[in-house]
Amino acid sequence: MMSKEILREVKTVRGADVNILLENLGGTRRRISGGLRIEAPPRAIWDILTNYNALNEYIPNIAASGAVLQPNGRVRIEQVGVISPTLRLTTRIVLEVKEEPYRKLTFSKVESREF
């Protein structure tokens, strides 16, 4: 059995220290997590993270993001990412989100094109 490779580092982004953990789970599987200290009420942070229709305002290279509530209570997000603005190359991905309010968001790929 292959042991997991784990990379831990702290990067400063726009003046904030971000703790990053990257785990190689074998094959093409990776787990990426990060954390930073934010001084705001949990509800305010959760509302920003789950405003899936506005993710393109916060995440670089996302040109568009739209969400639809599914019958199972989960959310599906369709995103268009920009690969190259100069060449007008984009990619599309559909993700399903499992929400554990104020604790955790889990994104699972449903379908994609060149992603």
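Which residue takes a positive phi in the hairpin of β5 and β6? Select R88: the hairpin has four residues between its strands, and R88 has a positive phi near 55°. Strands here are DSSP runs of E with at least two residues, helices are runs of H or I with at least four, and both are numbered from the N terminus.

Before going on, note that this is a predicted model, in which local features need pLDDT of at least 70 and side-chain atom pairs count only at pLDDT 80 or more, while totals for chains, interfaces and linings use all residues. Residues are numbered from 1 along each chain as its sequence is written, and side-chain values use heavy atoms, with hydrogens and water left out.

**Strands and hairpins**

Select β5 (75-84) together with β6 (89-100). The two run antiparallel and are joined by nine bridges; strands count as paired if DSSP finds at least two bridges between them. Q79 lies in β5, and its bridge partner in β6 is I93.

Stay on Q79, which is buried at a relative accessible area of 10%. Buried means under 20% relative accessible area, exposed over 50% and partly exposed in between, with a 1.4 Å probe and protein chains only. Neighbours within four places in sequence aside, Q79 is in contact with L55, I62, A64, S65, T91, R92, I93 and L95, where contact means heavy atoms within 4.5 Å.

Five residues separate β4 and β5 in their hairpin, and G73 in the turn has a positive phi of about 90°.

β6 and β7 pair antiparallel over nine bridges, and I93 has S112 in β7 as its bridge partner. Three residues lie between these strands in a hairpin, with Y102 in the turn at a positive phi of about 65°.

Then select β2 (16-26) and β3 (29-35). They pair in the antiparallel sense over seven bridges, and L21 has S33 in β3 as its bridge partner. Their hairpin has two residues between the strands, and G27 takes a positive phi near 60°.

**The aromatic pair**

The structure holds one aromatic pair: W46 and Y102, tilted, at 5.8 Å centre to centre with 45° between the planes. Rings of Phe, Tyr and Trp (its six-membered ring) pair if their centres lie within 6.5 Å; planes under 30 degrees apart count as stacked, over 60 as edge-to-face and the rest as tilted.

W46 is buried, with a relative accessible area of 10%, whereas Y102 is partly exposed at 44%.

**The largest pocket**

Last, select I32, G34, L49, I59 and F107, which are the closest to the centre of the largest pocket among its 44 lining residues. The elements giving two or more residues to this lining are β2, β3, α1, β5, β6 and β7. β3 gives the most, with seven residues.

Key. On a 1 Å grid over the protein atoms alone, a cavity is a set of points where a 1.4 Å probe fits but cannot get out, and a pocket is an open set with protein on both sides within 12 Å along at least five of seven lines; lining residues have an atom within 4 Å of a point.
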